[in-house]
Amino acid sequence: MRATFETPLLHGDRMTIHGRIPVATSLDYSVKLGSLTKGRASLSTLFDGYEECPPDVKAERKRRGVNPLDTAKYILSIRNAL
């Protein structure tokens, strides 16, 4: 999943793992984690920034809607005039 993790921290009978994982590869990770731990694990995430995609990962998607750089069409679309 292209994740990086620090050393796990033990707190009695609990373990905390901190790391970074791309959203694109981790959307179903919380379900898998719950399944692997029989529902005892939890996943907490927060936004940490952007990074360049590795060259082997295709990270393009087709534009939907009007191109905001085409000012005239964009303004017309915002005003529902298209």
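**Exercise 1. How much accessible surface does the chain have, and what percentage of it belongs to carbon and sulfur atoms?**

Solution. The coordinates to work from are those of a predicted model. Step one is the total, for which the accessible surface of the chain comes to about 8100 Å². Step two is the share by atom type, and here 54% of that surface belongs to carbon and sulfur atoms.

**Exercise 2. Describe the fold and overall dimensions of the chain.**

Solution. Begin with the secondary structure, which comes to three helices and four strands; read along the sequence, these elements follow the pattern β-β-β-β-α-α-α. Next, take the radius of gyration, which is 20 Å for the chain, whereas a compact globule of 82 residues would have a value near 12 Å. The box filled by the C-alpha atoms, taken along the principal axes, is roughly 60 × 30 × 20 Å. Then turn to burial: with buried meaning under 20% relative accessible area, buried residues make up 2% of the 82 residues in the chain. Finally, consider the contacts between residues at least 6 apart in sequence, of which 17% join residues at least 24 apart.

**Exercise 3. Find the salt bridges of Arg20 and place each partner in the chain.**

Solution. The cut-off needed is a side-chain nitrogen of Lys or Arg within 4 Å of a carboxyl oxygen of Asp or Glu, and by this rule the count for the chain comes to three salt bridges. One of them joins Asp48 to Arg20, with the closest N and O atoms 2.8 Å apart. This pair links distant parts of the chain, since Asp48 sits in the loop between helix H2 (29-36) and helix H3 (71-78) while Arg20 belongs to strand S4 (residues 19-20), 28 residues apart. Arg20 also forms a salt bridge with Glu51, where the closest N and O atoms are 2.6 Å apart. Glu51 lies in the loop between H2 and H3 and Arg20 in strand S4, so this pair ties together parts that are 31 residues apart in sequence. As for accessibility, Arg20 counts as partly exposed at 34%, whereas Glu51 is exposed, with a relative accessible area of 58%.

Key: Residues are numbered from 1 along each chain as its sequence is written. This is a predicted model: local features need pLDDT of at least 70, side-chain atom pairs count only at pLDDT 80 or more; totals for chains, interfaces and linings use all residues. Side-chain values use heavy atoms; hydrogens and water are left out. Helices (H or I, at least four residues) and strands (E, at least two) are DSSP runs, numbered from the N terminus. The radius of gyration is taken over C-alpha atoms; the globule rule is 2.2 Å times the number of residues to the power 0.38. Buried means under 20% relative accessible area, exposed over 50%, partly exposed in between (1.4 Å probe, protein chains only). Contact means heavy atoms within 4.5 Å. Accessible areas come from the Shrake-Rupley method with a 1.4 Å probe; for residues, only the protein chains shown count as cover.
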